[in-house]
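Here is a friendly briefing to read alongside the model. Please have your viewer open as you go.

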Amino acid sequence: MTRVARRARLFLFSALSSGLALLPAAAQQSGPAPEAAPAERPAGAVLPAGGDWPYWGGDADATRFSSLGQITPENVSRLEKVWEYRTGDLPTGNAENKYAAETTPIKVGDSLYLCSAKNILIALDAATGEERWRHDPQVSNDAIPYSASCRGVSYFAVPDAAPDAPCATRIIEGTLDARLIAVDARTGQLCADFGANGEVDLWAGIGERVPGWYAVTAPPAIVRGVVVTGAQVKDGQAENAPSGVIRGYDAVTGALVWAWDLAEPTRRGAPPEGETYTRGTPNMWTTASFDEELGLVFLPLGNSSVDYWGGNRSEAEKAYSTSLVALDAATGTERWRFQTVHYDVWDYDLGSQATLVDLPREGGESVPAIVLPSKQGDIFVLDRRTGESLFPVEEVEVPGGGVEPDRLSKTQPVSRYHSLLFPRLTEADMWGMTPLDQLFCRIQFRQASYDGPYTPPTSERHFIQYPGYNGGSDWGSVAIDPQRGVIVANYNDMPNHNRLIPREEADAMGLKPINEVPPGAQGGANAEGAGDPQAGSPYAIDVNAGWRVPFTGLLCKEPPYGGIRAIELATGKTLWDKPLGTARKNGPFGIPTYLPLTIGTPNNGGSVVTAGGLVFIAAATDDLFRAIDVETGEVVWQDALPAGGQANPIAYEADGREFVLIAPGGHHFMETPVGDSIIAYALPKDEAGEGEGDGGAR
């Protein structure tokens with residue numbers, strides 16, 4: 001079936017789906033009425049946190065909170081590195097300038113489980129860092145999309161299995177070459193009962209295999225015995241991109257339980273022979289969260305292909321793009337959805353994992369809520385049972401014009417709970433190390449199209465996108481201290497300087513999509529969106545991410561370029577706000593200044609907050625790992641890392657000691673050094689018993 005024919009049929013989706021543009025805004029948030037989950041998939045027990053870190057987000061609520069309190073602002077100065085492990089996974093050949101591991105291990109029992117940049121599964125002794133086993137799935141360099149990244153793995157205990165049975169407990173990961181792999185958590189051996197000898201081919205139903213176009217970089221969510229995964233679809237390539245289908249697989253057998261193809265709402269299985277899941281639909285490249293009791297999995301969706309032009313989008317794509325969608329984890333049935341950007345032509349994917357909280361309300365009651373950060377800076381707080389916002393969301397008028405004046409939404413939703421958005425730029429915000437580059441930036445500002453947030457894309461001149469596609473908040477997500485009632489959110493504060501490239505000009509430049517070039521020929525050092533072909537649309541796109549000066553490499557906007565903020569959970573009120581990152585590893589022409597000046601650098605990765613009163617975070621481009629007093633925002637400890645700290649840290653207990661761990665793998669987009677270390681910190685053994693211990697494990 002042709003793309004045009006599919007789109008004609010998909011227009012009928014508006015008669016089948018709840019919401020869409022034909023219904024009032026409030027009605028657009030709700031899906032079909034809930035159904036009871038099948039009896040064979042009842043709610044199971046969630047893994048206890050506290051001494052462990054059993055999920056990518058810390059606990060089953062994805063709070064990135066540790067109830068350990070041994071390390072405090074008073075004793076953190078005595079924190080020391082206690083072990084360092086090297087994965088051995090470093091770039092070679094055509095993988096050079098393509099590594100950004102972004103790895104966050106999990107900890108269950110006395111073991112740590114992690115994946116390397118190219119999906120090598122590894123188990124370590126949590127107390128000593130000694131390797132227990134490894135499994136190398138032999139991922140090819142050609143499979144690397146933008147980056148070799150594996151953010152994490154998931155743990156599953158088979159109900160009623162004998163403790164010594166093979167794969168009674170298992171580690172499951174998705175790979176860059178689109179496989180779902182399950183290994184025995186004790187031995188690292190492939191689980192023979194899962195898929196075909198431990199592997200499921202995620203290319204099934206996707207279409208032509210094009211290495212690097214369809215990849216899994218996030219850990220799957222496992223809820224009610226179903227492994228739920230999406231995939232990263234490389235941006236900017238072609239309108240006829242692989243599908244954004246979300247699929248659920250049985251965690252024991254690997255069998256497909258359901259598929260959610262948003263443009264085929266009545267179909268739950270694989271597509272008929274010879275067909276594919278609907279191509280070009282919004283995908284989920286980041287990490288889902290879930291509620292085991294409600295049986296819901298929460299999917300932060302990205303954009304349709306292509307990002308910066310929407311004229312070919314179906315009504316279904318318009319309705320679901322850049323939305324949080326709740327599905328019944330047992331059946332794949334939609335429960336509700338909440339859209340954060342209408343007709344998104346700014347690549348404002350929902351990159352953050354949403355966090356579950358019990359939100360305090362007046363009268364001492366609480367509401368089961370979900371906290372959703374966004375790239376455009378808004379933080380939304382929803383009732384996770386229904387998707388209804390618990391705080392006002394206002395539709396505000398936004399600029400019109402650009403190349404699609406009749407299609408753009410005239411309004412966009414703005415959260416009145418909290419926003420990381422900053423005041424609109426002015427020419428006075430243009431900055432430089434010298435008067436020459438400041439003048440260059442001011443000239444570019446005057447020549448560009450800019451009318452505040454949601455300035456429409458243009459082709460006859462550049463347009464300014466502020467914030468850029470890195471946020472606001474991105475995949476590192478927020479951390480929430482439920483004991484203190486505090487959200488900790490790090491963020492970027494950078495514009496992009498973009499231009500749509502007319503097709504004739506793009507063809508003359510030789511811009512071709514990934515399926516028309518040799519494997520491994522695209523991707524690499526250039527930031528996402530720098531000369532992307534957007535085949536099938538009238539325009540390619542050129543994105544100057546961060547709006548950098550070509551002759552110095554510095555950014556046009558004055559610092560700070562990133563920060564970290566504490567927010568009162570109950571009200572959305574800012575408690576403190578600080579720049580994050582120093583100039584020590586940053587400077588003109590890529591030469592580090594080594595100045596310890598706090599300027600607020602771009603950052604990638606999130607934090608962990610502990611009951612001991614500390615926020616641990618790296619993320620910034622100065623290669624420092626910090627501890628911040630959660631009450632004041634002051635840095636109370638730091639250590640230099642051997643590579644870029646673009647990864648989420650964790651906290652856990654082993655042998656009576658609280659450990660804080662980070663995997664500084666570096667990041668080629670962020671231009672930080674690439675490494676393969678896993679580093680654990682703790683107080684000296686003779687002081688480990690002096691703290692408050694576990695502040696209350698779940």
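This is a predicted model: local features need pLDDT of at least 70, side-chain atom pairs count only at pLDDT 80 or more; totals for chains, interfaces and linings use all residues.

Residues are numbered from 1 along each chain as its sequence is written, and side-chain values use heavy atoms, with hydrogens and water left out.

**Overall fold**

- The protein chain holds five helices and 41 strands; these are DSSP runs numbered from the N terminus, with helices being H or I of at least four residues and strands being E of at least two.
- With a radius of gyration of 24 Å, close to the 26 Å that the globule rule gives for 698 residues, the protein chain is as compact as a globular protein of that length. The radius is taken over C-alpha atoms, and the globule rule is 2.2 Å times the number of residues to the power 0.38.
- The C-alpha trace spans about 65 × 60 × 60 Å along its principal axes.
- Of the 698 residues, 64% count as buried (buried means under 20% relative accessible area, exposed over 50%, and partly exposed in between, with a 1.4 Å probe and protein chains only).
- Among contacts with a separation of 6 or more, 64% come from residues 24 or more positions apart; a contact means heavy atoms within 4.5 Å.

**Disulfides**

- The count comes to three disulfides, where a disulfide is a pair of cysteine sulfur atoms within 2.5 Å.
- Cysteine 115 is joined to cysteine 150, with an S to S distance of 2.1 Å. The torsion about this S-S bond is about -100°, so the disulfide is left-handed. Cysteine 115 sits in strand β4 (residues 111-115) and cysteine 150 in the loop between β6 (131-135) and β7 (154-157), so the pair ties together parts that are 35 residues apart in sequence.
- Cysteine 167 and cysteine 191 have their sulfur atoms 2.0 Å apart in a disulfide, and a torsion of about -100° makes this disulfide left-handed. Both of its ends are in loops: cysteine 167 between β7 and β8 (169-174), and cysteine 191 between β9 (179-184) and β10 (199-201).
- Cysteine 441 is joined to cysteine 556 at 2.0 Å, S to S, and this link is left-handed, with -80° about the S-S bond. Cysteine 441 belongs to helix α4 (residues 435-447) and cysteine 556 to the loop between β32 (539-544) and β33 (562-568), so the pair ties together parts that are 115 residues apart in sequence.
- Cysteine 115 and cysteine 150 are buried, as are cysteine 167 and cysteine 191, and cysteine 441 and cysteine 556.
- Numbered in sequence order, the bonded cysteines pair as 1-2, 3-4, 5-6.

**Aromatic pairs and charges over rings**

- A search of the whole structure finds 20 aromatic pairs. Rings of Phe, Tyr and Trp (its six-membered ring) pair if their centres lie within 6.5 Å; planes under 30 degrees apart count as stacked, over 60 as edge-to-face and the rest as tilted.
- The ring centres of tryptophan 260 and tyrosine 320 are 5.6 Å apart and the planes meet at 75°, so the pair is edge-to-face. Tryptophan 260 lies in strand β16 (residues 256-260) and tyrosine 320 in helix α3 (residues 315-320), so parts 60 residues apart in sequence are tied together. Both residues are buried.
- Phenylalanine 298 and tryptophan 336 form a tilted pair, 5.9 Å centre to centre with 40° between the planes. Phenylalanine 298 is in strand β18 (residues 296-300) and tryptophan 336 in strand β20 (residues 334-339), so this pair ties together parts that are 38 residues apart in sequence.
- Relative accessible area is 0% for phenylalanine 298 and 0% for tryptophan 336.
- One aromatic cluster is formed by Phe616, Phe625, Trp637 and Tyr681.
- Arginine 279 lies over the face of tryptophan 213, at 5.9 Å from the ring centre, and arginine 424 over the face of tyrosine 450, at 5.6 Å. A charge sits over a ring if NZ of Lys or CZ of Arg is within 6 Å of the ring centre and within 35 degrees of the ring normal.

**A loop residue**

- Proline 592 lies in the loop between β34 (574-579) and β35 (607-610) and is partly exposed, at 28% relative accessibility.
- Not counting residues up to four places away in sequence, proline 592 touches Arg584, Lys585 and Asn586.
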